[in-house]
Amino acid sequence: MRIGMRLLLGYFLIVAVAAWFVLSIFVQEIKPGVRRATEGTLIDTATLLASLARDDLLSGDPAHGLLARAFERLHNYPFRANIGGISKVRNEYRVYMTDAQGKVLYDSAGQAAVGQDYSRWNDVWLTLRGQYGARSTLQDPSDPESSVMYVAAPIIDGGKTIGVLSVGKPNAAMAPVIKRSERRILWASTVLLGIALVIGAGMVWWINRSIAKLTRYADAISEDQPVALPSLGSSELRRLAQALESMRLKLEGKNYIEQYVYALTHELKSPLAAIRGAAEILREGPPPSVVARFTDNILRQNARMQLLVETLLRQARLENRQEVVLVPVAVEVLLAQIVEARSVQLAEKRITVTIDAPPLHVAADAGLLEQALGNLLDNAIDFTPEKGAITLSVQPQGEQVVFLVTDSGSGIPDYALPRIFERFYSLPRENGLKSSGLGLAFVREVARLFKGEITLRNRPEGGTEAALRLHRHFT
């Protein structure tokens, strides 16, 4: 399982457990919370009605007193109330009154007969003894949802308890409020989990994207295709990227020295052997014509060694650079200069060069870009037969500019295409000789510094096309 998916599952599991814990507490507290609020309302109502019922109880006929007539009118009163989406269409209170012995004197619901003994019910029993009286009783013992909550208040006259007034309300009347609250909490919890999942997915996407950048960077390094250090938002990932970059530089430094020493040793073998052979012949005092020929050979081999050393040094300096100053470079003028500098080689092979460049500018280092395009043109000249054709063209593509160098040569063998940009890898020219193998590696380094791209392919109609893609504007 990918690390991003593990992070997402772990994050979502933590959020889900926390949400479940909080949700369970809320749901468990809804029902008792609503009932406590209802009980507070009942005690207020009972206390108020008890003060009103005192005169009815003292009159000796509470069943026909003011309170009884008020509840009779209340039962016939049409209710049309919408309380937060919950419809209320009837009175849900039950009120009964007892004397000081707990005998029922009045019941608004008609469930208890006058004279019935209620003295053993908790609401009446406790209230008659000066305590807070309340009870919850099932109307139907087989139905746990049929409970009714009763809260009683004493009827006092002259500081003496002369009766009890108890107000009851079915718990079923509170069920819609409880269920509505539970539904809203469940809905809010679902939305919360959804939001948490989206946030978690976004966080994992960002982490995966950053890790993918580091992976591509590491893969490019392992394939010997150096790329710029990726820009990462997180300080931890940025430090990891810098550690990878530091490790890469140290490893590359070791390999770099080994490869360069090997390449230099290999390339110097041939000119050194030629110089030694010429020196041995010159020691024997040959005729002047032979001396002149071998002296020229020594100078040529010396120039070859000097060119090789300079090329290696230039490549080393370029590979150690991490950034360049980009300035506007006129494309048309630059290509003309590159072709003019190679007019002798082109004339020797009678190669026709065509320049197709619009008057535009590209953001680059003029010297490095000239060397890179010059290397591409040198390769094209080396592999283009006599009387061949080479085209230098520039194609604007949105915010980018593509330099194309095409030739009419034999193309690149398939086995060489994957290695063509490797340092010191070279193919034999028409004369059987090989180059230093650093020309295309130099072009690749220039493309890296310019944050561009270099590609090389065989054309279907024959020949090779090199494409150097750079940014048109400053970045």
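Me: At what angle do the axes of helix H9 and helix H10 cross?
Reply: This is a predicted model, in which local features need pLDDT of at least 70 and side-chain atom pairs count only at pLDDT 80 or more, while totals for chains, interfaces and linings use all residues. Residues are numbered from 1 along each chain as its sequence is written, and side-chain values use heavy atoms, with hydrogens and water left out. Helices (H or I, at least four residues) and strands (E, at least two) are DSSP runs numbered from the N terminus, and axes are lines fitted to C-alpha atoms, for helices over the stretch in contact, with angles from 0 to 180 degrees between N-to-C directions. The axes of H9 (residues 366-383) and H10 (residues 439-449) come within 9 Å, and they cross at roughly 145°.

Me: How many nonpolar residues does the contact of H9 with H10 have?
Reply: Contact means heavy atoms within 4.5 Å, and on the H9 side Leu368, Gln371, Ala372, Asn375, Leu376 and Asn379 meet Gly439, Leu440, Phe442, Val443, Val446 and Leu449 in H10. Ala, Val, Leu, Ile, Met, Phe, Trp, Tyr, Cys and Pro count as nonpolar, Asp, Glu, Lys and Arg as charged, and the others, Gly among them, as polar. By these classes the contact has no charged residues, four polar ones and, as nonpolar residues, eight.

Me: Which residue in S11 is the bridge partner of valine 353?
Reply: S9 and S11 (residues 389-397) run parallel and are joined by five bridges. Within S11, valine 353 has as its bridge partner isoleucine 390.

Me: Which element gives the most residues to the largest nonpolar core?
Reply: A nonpolar core is a set of buried Ala, Val, Leu, Ile, Met, Phe, Trp, Tyr and Cys residues joined through side-chain atoms within 4.5 Å, where buried means under 20% relative accessible area, exposed over 50% and partly exposed in between, with a 1.4 Å probe and protein chains only. The largest such core has 43 residues, and those with the most contacts inside it are Leu335, Val362, Leu369, Leu373 and Phe403. Among the elements that give two or more residues are helix H7 (331-341) and strand S10 (361-364), but the most, eight residues, come from H9.

Me: How far apart in space are aspartate 356 and leucine 404?
Reply: Aspartate 356 lies in strand S9 and, leaving aside its neighbours within four places in sequence, is in contact with Leu392, Ser393 and Val394. Aspartate 356 and leucine 404 are 48 residues apart in sequence, whereas their C-alpha to C-alpha separation is 9.6 Å.

Me: Which residue in S7 is the bridge partner of methionine 97?
Reply: Another open sheet of five strands has the order S4-S3-S7-S6-S5, with antiparallel pairing. In it, S3 (residues 94-99) and S7 (residues 160-170) pair over six bridges, and the partner of methionine 97 is leucine 165.

Note on methods:
Two strands pair if DSSP finds at least two bridges between them.
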